[in-house]
Amino acid sequence: TRTQNVLGDKGRRIRELTSLVQKRFNFPEGNVELYAERVPNRALCAIAQAESLRYKLLGGLAVRRACYGVLRFIMENGAKGVEIRINGKLRGQRAKGMKFRDGYMIKSGDAVNYYVDEAIRSILLKQGTIGIKVKIMLPWDRQGKVGPRKPLSDYCAINDPEEPKAIKSTTHREQRDQTAAVQETSTTTQQSTQQVTQPQPTAEKPTQQQTTQQQPTA
């Protein structure tokens, strides 16, 4: 969550990490570059919250108080569910486990791969080792910034019903007048169509005999 601590003084630490990765995986020199990007929402990052809980326990804070503080901080920032598990010598010489849960959490199915963010950390204390496991159920986000874009398989969208249109109430007399007006318009349209469809008389062409009779004789 703090990029300056990752980069170090004048980028010294990021260069050390780059050379360490290069030597570990036998990459050629100059082919590895590391960049530090700030986490957009610290409350929805399981790694950040596991580290926060780790430092609280190292500082001597009580286990229940530290876990409930992290749980409340995650849920107040838009998470759908949280689960925190701590195992080890919490109090006394006998080891035990504690689980803190809130909200909705899925355990199986394909949606676990992109809806549940998980992180595991360990603390080396004087009485022994304590293990921390943090699970955060991310919310659905259409833009994909806060959570995954793909909705859950049982998601069902219910649209608001449309407002009914106001129907104008008419009396019996108004209805009768409307029907009479419709009948009048229909009769006038029928008459106009009949006038248009009547065939007009055409002038007959004179036959050949009539033309010969009309010609004067010399």
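A: Start with the whole chain. Of the 218 residues of the protein, 23% count as buried. This is a predicted model. The accessible surface comes to about 17900 Å². Carbon and sulfur atoms account for 49% of that surface.

The protein has seven helices and four strands. In sequence order, the pattern runs α-α-α-α-β-β-α-β-β-α-α. Take contacts between residues at least 6 apart in sequence: 50% of them join residues at least 24 apart.

Aspartate 141 sits in the loop between β4 (129-137) and α6 (172-197). The residue is buried, yet it has no salt bridge. Lysine 145 has the nearest side chain of opposite charge, and that side chain is 7.2 Å away. A salt bridge would need a side-chain nitrogen of Lys or Arg within 4 Å of a carboxyl oxygen.

The backbone of lysine 145 tells another part of the story. Its nitrogen lies 3.0 Å from a polar atom of the aspartate 141 side chain. Setting aside residues up to four places away in sequence, aspartate 141 touches Val146, Gly147, Pro148 and Arg149.

Methionine 105 lies between β2 (96-103) and α5 (112-115). Its relative accessibility is 18%, so methionine 105 counts as buried. Beyond its neighbours within four places in sequence, methionine 105 contacts Gly81, Val82, Glu83, Val116, Lys135, Ile136 and Met137. Take isoleucine 136 from that list. Isoleucine 136 is 31 residues from methionine 105 along the chain, and their C-alpha atoms are separated by 7.9 Å.

Asparagine 26 is also in a loop, between α2 (12-24) and α3 (46-58). Its phi is positive, at about 55°, although asparagine 26 is not a glycine. Most residues other than glycine have a negative phi. Asparagine 26 is exposed, with a relative accessible area of 68%.

Last, leucine 17, which lies in helix α2. Its relative accessibility is 33%, so leucine 17 counts as partly exposed. Leucine 17 belongs to a nonpolar surface patch with Val6, Leu20 and Leu34. Together the four residues of the patch have about 300 Å² of accessible area.

Aspartate 141 is buried and without a salt bridge, and its side chain has a polar atom 3.0 Å from the backbone nitrogen of lysine 145.

Conventions:
Residues numbered from 1 in each chain as written. Predicted model: local features only at pLDDT ≥ 70, side-chain atom pairs only at ≥ 80, totals over all residues. Heavy atoms only, no water. Helix = DSSP H or I, 4+ residues; strand = E, 2+ residues; numbered from the N terminus. Buried < 20%, exposed > 50% of the residue type's maximum accessible area, 1.4 Å probe, protein only. Lys, Arg positive; Asp, Glu negative; His and termini not counted. Polar contact = N/O pair within 3.5 Å; in protein donor to acceptor, adjacent residues only side chain to side chain. Contact = heavy atoms within 4.5 Å. Areas by Shrake-Rupley, 256 points an atom, 1.4 Å probe, with all protein chains shown as cover. Patch = residues over 30% accessible without salt bridge, like charges linked within 9 Å, V, L, I, M, F, W, Y side chains within 5 Å.
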